[in-house]
Amino acid sequence: MRAAFHEKPGPPDVLQVGELPDPKPGARDVLIRVRASSLDRVDIYYREGSHGVTRCPLCPPHVGGRDIAGEVVAIGAEVDTFPVGARVVSSSFHAHAELAVAPAALTFPLPPNCSFAEGGAIPTAGRTAFAALMNQARIKAGEDVLIFAAGSGVGSFAIQIARAAGCRVIATAGSADKLERARDLGAECAINHYTEDVAVRVAEVTNGRGVDVVIDHVGTPVWKAAMLSLAPWGRFVTAGVTAGHRVDLHLGQVFVKGTQIMGVGRPDEAEMAEAMAGLLRLIERRQVRPVVHVTFPLEAIAEAHRLMERSDFFGKIVLTV
Ligand SMILES: NC(=O)c1ccc[n+]([C@@H]2O[C@H](COP(=O)([O-])OP(=O)(O)OC[C@H]3O[C@@H](n4cnc5c(N)ncnc54)[C@H](OP(=O)(O)O)[C@@H]3O)[C@@H](O)[C@H]2O)c1
């Protein structure tokens, strides 16, 4: 099969597109002809060998990509949920290729109102935003939610999911264009996280009370503003550490305000499947739509990585195969 891969860490130039052996599905897997996938920030980390994700020197070439939209071409012996030919969306690994194996438990019918490109934008970012807001923070209608980095894959889903749940959204981003896009998606207030004091602006907007929930995946640079922005009994959910994983945690402030600090990741398949199913329902009801910034053919994988590194996009960078 044709695949995008790298054999040693480095800049985008280490990425190649070529032939690799076809993957084989296990008993509980499906084999999917990938039509679209997308880039997640973790693809950059794998390529760089940063953020604790490194490829062992003896490992086979690393094929990035966790998001799959395509057609089922074969099923494992214990799978009876999908016929061959079904159009599906799935959360797995090694998706930047013509063929990918995915657990049947994390594979769902592609919503009829989604193209393959939109489907390929959904799984990792969308599932993470849904799990952070609905499973961890357990947001309720009428609550105020602060979402850092609105232009990210996770942020672009989180704004819409929080709005669909009846929350008021305050979002941050790093440029005027992204702030406008955040407002278009439903943020009532949009704050530049490089040029404005986020905590002061949040205090203004909430009449000094602060927000009920903060969703973050930036890490170190926004930690202080996140903690200062939380109302009493506030919930903080971390989904990533793009710009640093070390923070200065003041335990006194945590207990005095009754703050809850939670994480969201890939704890188990059942939780991931539940989050995917919940998100897909919102997409089918048109309450949430994947935001596709741009589509590249698989052959332009290095260009797609460079765009993600520049952070000059809003939503998801999609690869078509
Ligand atoms: N827990 C999980 O299972 C899970 C799943 C998906 C993603 N993640 C993690 O979540 C993070 C986001 O992933 P993604 O794919 O959505 O990323 P992405 O689309 O590449 O977005 C990254 C965002 O980070 C913002 N950013 C970078 N440096 C910043 C800084 N110093 N201050 C404020 N914002 C900054 C950028 O905003 P501006 O350019 O506007 O500043 C950009 O919008 C990654 O760390 C990823 O590994 C975790």
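Student: Is Arg-235 buried or exposed?

Tutor: This is a predicted model, where local features need pLDDT of at least 70, side-chain atom pairs count only at pLDDT 80 or more, and totals for chains, interfaces and linings use all residues. Residues are numbered from 1 along each chain as its sequence is written, and side-chain values use heavy atoms, with hydrogens and water left out. The classes go by relative accessible area with a 1.4 Å probe and protein chains only: buried is under 20%, exposed is over 50%, and partly exposed is in between. Arg-235 has a relative accessible area of 8%, so Arg-235 is buried.

Student: Which residue forms a salt bridge with Arg-235?

Tutor: Side chains of opposite charge can pair when their charged atoms come close. The criterion here is a side-chain nitrogen of Lys or Arg within 4 Å of a carboxyl oxygen of Asp or Glu. For Arg-235 the closest N and O atoms are 2.9 Å apart, and the partner is Glu-143.

Student: How many residues apart are Glu-143 and Arg-235?

Tutor: Glu-143 is in the loop between α3 (123–136) and β8 (144–147), while Arg-235 is in strand β12. Helices (H or I, at least four residues) and strands (E, at least two) are DSSP runs, numbered from the N terminus. The pair links distant parts of the chain, 92 residues apart.

Student: Which residues does Gln-260 touch, not counting residues up to four places away in sequence?

Tutor: Gln-260 sits in strand β13 (residues 260–263). Counting contact as heavy atoms within 4.5 Å, Gln-260 touches Gly-234, Arg-235 and Phe-236.

Student: What is the phi of Trp-233, roughly?

Tutor: Trp-233 lies in strand β12. At 66% relative accessibility, Trp-233 counts as exposed. Trp-233 is not a glycine, yet its phi is positive, at about 65°.

Student: Which lysine forms a salt bridge with Asp-40?

Tutor: Asp-40 is in the loop between β3 and α1, and its partner is in strand β15 (residues 316–320), 276 residues apart. Asp-40 counts as buried because its relative accessibility is 6%, and the lysine is buried too at 2%. The closest N and O atoms are 2.7 Å apart, and the lysine is Lys-316.

Student: Are Arg-28 and Glu-78 buried or exposed?

Tutor: They form a salt bridge, with the closest N and O atoms 3.2 Å apart. Arg-28 is in the loop between β2 (16–19) and β3 (29–38), and Glu-78 is in the loop between β4 (67–75) and β5 (87–91), 50 residues apart. Both Arg-28 and Glu-78 are exposed.

Student: How many salt bridges does a search of the whole structure find?

Tutor: Besides the pairs we went through, there is a network of salt bridges linking Arg-2, Glu-98 and Glu-299. The search of the whole structure gives 15.

Student: Is α1 roughly parallel or roughly perpendicular to α10?

Tutor: Helix α1 (residues 41–48) and helix α10 (residues 301–310) have axes 10 Å apart and pack at about 110°. The axes are lines fitted to C-alpha atoms, for helices over the stretch in contact, and angles run from 0 to 180 degrees between N-to-C directions. Under 35 degrees is roughly parallel, over 145 roughly antiparallel, 65 to 115 roughly perpendicular and the rest oblique. So α1 is roughly perpendicular to α10.
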